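This briefing covers the contacts between chains in the complex shown below. Please read it alongside the sequence and the coordinates.

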Protein chains: 4
Amino acid sequence: MDKDDLLRRLRRVEGQVRGVAQMVEGDRYCIDVLTQIAAATRALQGVAVGLFDDHLRHCVADAVAAGGGDAQVKLTEATAAVERLLKS
Amino acid sequence: MDKDDLLRRLRRVEGQVRGVAQMVEGDRYCIDVLTQIAAATRALQGVAVGLFDDHLRHCVADAVAAGGGDAQVKLTEATAAVERLLKS
Amino acid sequence: MDKDDLLRRLRRVEGQVRGVAQMVEGDRYCIDVLTQIAAATRALQGVAVGLFDDHLRHCVADAVAAGGGDAQVKLTEATAAVERLLKS
Amino acid sequence: MDKDDLLRRLRRVEGQVRGVAQMVEGDRYCIDVLTQIAAATRALQGVAVGLFDDHLRHCVADAVAAGGGDAQVKLTEATAAVERLLKS
């Protein structure tokens with residue numbers, strides 16, 4: 001997932017959230033609105049996974065390959081990011 | 001959580017997602033972007049909980065109070081919506 | 001999902017968690033252990049959905065049909081339970 | 001989180017799941033059972049985060065430091081594990 005792909009996906013999520021607001025505005029059936037919120041959430045998580053993969057493969061791997069203290073910082077940050085995503 | 005409150009929250013989520021796109025665009029540090037995605041996801045789940053509460057308290061409770069087959073349909077739909085949210 | 005079915009599923013989840021412990025004990029590959037933890041989590045969420053459905057269909061629906069203040073308490077509790085599950 | 005700590009936590013989760021089964025068996029109030037299921041799920045996710053951290057810091061970092069094709073395999077596996085946990 002490269003930068004263009006990430007931006008395309010994020011624009012799609014933004015559109016999904018705007019669509020949810022229009023459904024609420026138009027008094028659409030709650031269950032249908034909830035289905036769209038679930039879809040937007042999944043799409044957002046998909047972006048997070050893509051970003052995480054990219055971060056692991058570049059920033060974290062580069063720091064590990066270079067060795068030194070930065071590698072430990074990057075590894076700790078990566079786990080903390082996963083923890084935050086799991087709690088969201 | 002009334003309609004105005006839901007719309008305000010959704011507009012805020014839309015802004016958060018747009019902010020995430022700007023962070024990606026500006027090559028901001030991945031971990032910071034992931035933190036914002038986790039925040040947007042939590043905000044979206046908060047909207048879902050508010051909508052679900054409203055739906056339960058009105059549509060589902062009204063159908064149950066009226067009795068008849070529609071109550072069963074509404075109860076089944078409510079559980080299915082929870083299941084979709086849990087999987088998202 | 002009746003009581004026997006819930007108990008059967010919970011015993012299966014208990015076995016899955018014990019299996020995960022045995023994998024850790026036997027130094028099995030972390031990724032395989034994580035796959036089993038994801039499966040146990042999904043199974044646990046499935047039990048929660050089944051219980052929630054049952055609770056909605058009986059306790060909540062009965063309180064709503066009876067009317068009065070208990071209905072509001074039960075509806076508030078149901079939403080709060082969904083919120084806790086979403087955050088777990 | 002070392003092996004002993006992981007095993008202690010997993011035994012606690014196993015006990016929590018058994019406790020949930022006893023609550024269902026004893027017809028305890030559904031909402032209280034759901035609260036316990038949410039707690040067991042969170043505990044299980046905590047174990048997953050601990051294992052993931054350990055895996056990243058050892059298996060993945062070692063493969064990256066050694067270079068070669070195995071590093072790519074390990075990085076791909078790590079992201080896939082995060083994706084499975086997020087979907088569970």
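Which residue of chain B forms a salt bridge with Lys3(A), and how far apart are the closest N and O atoms? The partner is Asp27(B), and the closest N and O atoms lie 3.1 Å apart. The model is predicted, and the predictor gives the complex an ipTM of 0.95 and a pTM of 0.95.

**Confidence**
- The average pLDDT of chain A is 96.
- In chain A, 100% of the residues score at least 70.

**Chain A with chain B: extent**
- The contact involves 41 residues of chain A and 41 residues of chain B.
- About 3700 Å² is buried between chain A and chain B.
- Carbon and sulfur atoms give 76% of that buried area.

**Chain A with chain B: polar links and make-up**
- Four salt bridges are counted between chain A and chain B, and the pair Lys3(A) and Asp27(B) is a salt bridge between these chains.
- Ten residue pairs are in polar contact between chain A and chain B, with both residues at pLDDT 80 or more.
- On the side of chain A that touches chain B, helix H1 (3–25), helix H2 (30–66) and helix H3 (69–87) of chain A each supply at least two residues.
- H2(A) gives the largest share of that side, 18 residues.
- Sorted by class, the side of chain A that touches chain B has 25 nonpolar, eleven charged and five polar residues.

**Chain A with chain B: symmetry**
- Chain A is superposed on chain B by a rotation of 180 degrees with 0.0 Å of shift along its axis, at an RMSD of 0.0 Å.
- This is the relation of a two-fold axis.
- Both copies use the same surface, as 100% of the contact residues of chain A recur in chain B.

**Chain D with chain A: extent**
- Here 18 residues of chain D and 18 residues of chain A take part in the contact.
- The area buried between chain D and chain A is about 1700 Å², and carbon and sulfur atoms give 75% of it.
- Val49(D), Arg57(D) and Leu86(D) together supply 32% of the area that chain D buries against chain A, more than any other three residues.

**Chain D with chain A: polar links and make-up**
- The count of salt bridges between chain D and chain A is zero.
- Six residue pairs are in polar contact across the interface of chain D and chain A, both residues being at pLDDT 80 or more.
- Helix H2 (30–66) and helix H3 (69–87) of chain D are the elements that give two or more residues to the side of chain D that touches chain A.
- That side of chain D divides into eleven nonpolar, four polar and three charged residues.

**Chain D with chain A: symmetry**
- A rotation of 180 degrees, with 0.0 Å of shift along its axis, superposes chain D on chain A with an RMSD of 0.0 Å.
- Ala65(D) comes closest to the rotation axis of the residues of chain D, its C-alpha lying at 2.5 Å.
- The same surface serves both copies, with 100% of the contact residues of chain D recurring in chain A.

Technical notes:
Residues numbered from 1 in each chain as written. Chains lettered and ligands numbered in written order. Predicted model: local features only at pLDDT ≥ 70, side-chain atom pairs only at ≥ 80, totals over all residues. Heavy atoms only, no water. Contact = heavy atoms within 4.5 Å. Buried area = accessible area lost by both parts, 1.4 Å probe. Salt bridge = Lys/Arg side-chain N within 4 Å of Asp/Glu carboxyl O. Polar contact = N/O pair within 3.5 Å; in protein donor to acceptor, adjacent residues only side chain to side chain. Helix = DSSP H or I, 4+ residues; strand = E, 2+ residues; numbered from the N terminus. Nonpolar A, V, L, I, M, F, W, Y, C, P; charged D, E, K, R; others polar. Least-squares fit on C-alpha atoms with pLDDT ≥ 70 in both. pLDDT = per-residue confidence, 0-100.
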